[in-house]
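Q: I have a new structure on my screen and would like to learn how to read it. Could you take me through it step by step?

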Amino acid sequence: MKKPTTKSKRDAYHHGDLRRTLLQAARSEIAAHGAQSLSLASLARRAGVAQSAPYRHFADRDELLTAVAIAGFEAFTETLRIASEAGSRAGAIKRICAAYLGFGAENIQLYRLMFASSLVASATEDSELRKAAWASFDPLLERVVEGGKSKQARLTAYAIWAQLHGFVTLQADGLLTEPPEELLKGLML
């Protein structure tokens, strides 16, 4: 007769993909409470692992937040690219703008981590985070400069980006109450 197998304490702490689980838990925590309340210890409890386990994947809280921000920028870029390619070239900029506002409204705490924290500003130019942040600007820039790569086209893309950023943050802070469709009508393109 075979002896029933039981999990040892060590097996109970084994986790298939702890890095991914921690990133998902971090994103959920950030969405619910903002990045300021996030701790590696609370994420370890959520994942059912020892408090030291997250440190096998992230040196510290900032490294975890950086990984969440990178994933956020990648998702944001993909959202903007899909919008850019979803129809005619003529309507691409408006679709990108609508997608930008939608992403910001649906993911405001992640958006704040990406754009309003010091993570990107303190990242080196060649860092994965800085590259992911700039890549999120590309779908809009590519559509604006289609007529040529002039300095003015780049400045126009920056102005649109800044307006969108302002709309998202002012709405999140309760200073703008208009729906995104109305804000898009007022966008200076």
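Q: Let's begin with a pair of helices: at what angle do the axes of helix H2 and helix H3 cross?
A: First, the general idea: axes are lines fitted to C-alpha atoms, for helices over the stretch in contact, and angles run from 0 to 180 degrees between N-to-C directions. Helices here are DSSP runs (H or I, at least four residues), as strands are (E, at least two), numbered from the N terminus. In this case, helix H2 (residues 18–33) and helix H3 (residues 40–47) cross at roughly 115°, and their axes come within 10 Å. H2 and H3 are therefore roughly perpendicular to each other; the scale is under 35 degrees for roughly parallel, over 145 for roughly antiparallel, 65 to 115 for roughly perpendicular, and oblique for the rest.

Q: Is the crossing of H2 and H3 left-handed or right-handed?
A: Handedness compares the near helix with the far one: turned anticlockwise by less than a right angle, the crossing is left-handed, and if clockwise, right-handed. The crossing of H2 and H3 is right-handed. On the H2 side, the contact (heavy atoms within 4.5 Å) is made by Leu18, Thr21, Leu22, Ala25, Ala26, Ser28 and Glu29, and on the H3 side by Leu43, Ala44, Arg46 and Ala47. Sorted by class, this contact of H2 with H3 has seven nonpolar, two polar and two charged residues. In that sorting, Ala, Val, Leu, Ile, Met, Phe, Trp, Tyr, Cys and Pro count as nonpolar, Asp, Glu, Lys and Arg as charged, and the others, Gly among them, as polar.

Q: What kind of model is this, and how are residues numbered?
A: This is a predicted model, where local features need pLDDT of at least 70 and side-chain atom pairs count only at pLDDT 80 or more, while totals for chains, interfaces and linings use all residues. Residues are numbered from 1 along each chain as its sequence is written, and side-chain values use heavy atoms, with hydrogens and water left out.

Q: How many helices and strands does the protein have?
A: The count comes to 11 helices and zero strands. Read from the N terminus on, the elements run α-α-α-α-α-α-α-α-α-α-α.

Q: What is the radius of gyration of the protein?
A: The radius of gyration is taken over C-alpha atoms, and the globule rule to compare with is 2.2 Å times the number of residues to the power 0.38. The protein has 20 Å, whereas a compact globule of 189 residues would have a value near 16 Å. Along the principal axes, the C-alpha atoms fill a box of roughly 75 × 35 × 35 Å.

Q: Now back to helix pairs: which residues of H4 and H5 meet?
A: Helix H4 (residues 61–85) and H5 have axes that come within 8 Å and cross at roughly 145°, and the crossing is right-handed. From H4, Gly72, Ala75, Phe76, Thr79, Leu80, Ala83 and Ser84 meet Ala92, Arg95, Ile96, Ala99, Tyr100 and Phe103 of H5. By class, that contact holds nine nonpolar, three polar and one charged residues.

Q: How far apart are the axes of H5 and H10?
A: Helix H5 (residues 92–106) packs against helix H10 (residues 151–172) with the axes 9 Å apart, at an angle of about 30°. That angle makes H5 roughly parallel to H10. Ile93, Cys97, Tyr100, Leu101 and Gly104 of H5 make the contact with Ile160, Trp161, Leu164, His165, Phe167 and Val168 of H10. These residues divide into nine nonpolar, two polar and no charged.

Q: Is Ala67 buried or exposed?
A: Buried means under 20% relative accessible area, exposed means over 50%, and partly exposed lies in between (1.4 Å probe, protein chains only). Ala67 lies in helix H4 and counts as buried because its relative accessibility is 10%. Leaving out residues up to four places away in sequence, Ala67 touches Arg19, Leu23 and Phe58. For the protein as a whole, 38% of the 189 residues count as buried.

Q: And where does Pro180 lie?
A: Pro180 lies in helix H11 (residues 180–186) and, at 26% relative accessibility, counts as partly exposed. Not counting residues up to four places away in sequence, Pro180 touches Leu101 and Gln171. Pro180 and Tyr100 are 80 residues apart along the chain, with their C-alpha atoms separated by 9.9 Å.
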